[in-house]
Amino acid sequence: MKNNNAALNSGMPAAPGLDDRGFTLAETLPAIAVVTLLLSVLLFLLSGTGINAVRSRETLFFLRDFLEFDKTIREKAGEVIIPYWEREAGASVFSGEAAGLPGAVLEIPYYGGAREGILRLSIDDENRLSLESLENGNGEGREYYRGPKSLLVKNIDIIRNGEGRPLALKLDFEYRNRSFYTLAPFSAFPVKRGLYG
């Protein structure tokens with residue numbers, strides 16, 4: 001007969017002991033805290049990125065609209081064909097409030113080459129620019145364009161040469177504290193060399 005120790009070691013399974021695999025609660029809680037902190041920082045960064053993406057999208061759409069409006073201004077100014085003998089064409093000052101731009105209107109003659117043709121620039125109460133072109137001054141062939149939303153007019157100048165002849169239209173705009181400008185030259189009748197100074 002075998003002794004008790006031999007029988008115990010050979011035939012009977014060992015009693016279950018403590019399993020030391022895994023993590024304790026004291027080890028798990030700091031890991032959860034670190035993961036939570038990292039997730040909150042990541043969510044904060046993602047929310048900032050989303051706000052910046054929305055602003056970038058708005059700016060992109062504004063710039064697209066501004067470029068179209070800038071092209072329209074330059075095309076309309078290019079259709080103002082001022083004869084070389086005119087010295088004071090387009091010399092009319094803004095009507096409306098002299099100190100501020102809202103309510104002001106500027107009419108430039110010779111739109112389409114005829115003195116009766118008018119290119120009218122007007123600024124509404126929201127300080128936005130509108131363009132209106134009249135083929136012969138009585139409303140026929142009228143076209144109307146309005147500037148993009150949030151584009152504010154800061155200044156309008158008519159650039160002239162030393163003799164006072166109008167050469168171009170310069171408009172200064174502002175959008176979200178950023179400055180933009182358009183330089184739109186007028187056309188002119190061709191002149192033979194030596195005929196005009």
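Let's begin with Phe66, which is buried at a relative accessible area of 6%. Buried means under 20% relative accessible area, exposed means over 50%, and partly exposed is in between, with a 1.4 Å probe and protein chains only. Before going on, a word on the source: this is a predicted model, where local features need pLDDT of at least 70, side-chain atom pairs count only at pLDDT 80 or more, and totals for chains, interfaces and linings use all residues. Residues are numbered from 1 along each chain as its sequence is written, and side-chain values use heavy atoms, with hydrogens and water left out.

Now, the aromatic rings. The structure holds five aromatic pairs. Rings of Phe, Tyr and Trp (its six-membered ring) pair if their centres lie within 6.5 Å; planes under 30 degrees apart are stacked, over 60 edge-to-face, and the rest tilted. Phe66 pairs with Phe173: the ring centres are 5.8 Å apart and the planes stand at 80°, so this pair is edge-to-face. Phe66 belongs to helix H2 and Phe173 to strand E7, 107 residues apart, so to speak of the pair is to speak of distant parts of the chain. Phe173 is also buried, at 1% relative accessibility. One aromatic cluster is formed by Phe62, Phe66, Phe173, Tyr175 and Phe180.

Next, the chain as a whole. Helices (H or I, at least four residues) and strands (E, at least two) are DSSP runs, numbered from the N terminus. Of the 197 residues, 27% are buried. Among contacts with a separation of 6 or more, 47% are between residues 24 or more positions apart; contact means heavy atoms within 4.5 Å.

Which residues touch the most other members of the largest nonpolar core? They are Leu121, Leu129, Ile156, Leu169 and Phe173, in a core of 26 residues. Helix H2 gives the most to this core, with five residues. A nonpolar core is a set of buried Ala, Val, Leu, Ile, Met, Phe, Trp, Tyr and Cys residues joined through side-chain atoms within 4.5 Å. As background, nonpolar side chains tend to be buried together in soluble globular proteins.

Now a charged residue. Leaving out residues up to four places away in sequence, Arg128 touches residues including Ser122, Pro148 and Val153.

Last, two loop residues. Tyr110, in the loop between E2 and E3, has phi near 70°, a positive value in a residue other than glycine. Asn177, in the loop between E7 and E8, also has a positive phi, near 65°. Tyr110 counts as buried at 7% relative accessibility, whereas Asn177 is exposed, with a relative accessible area of 73%.
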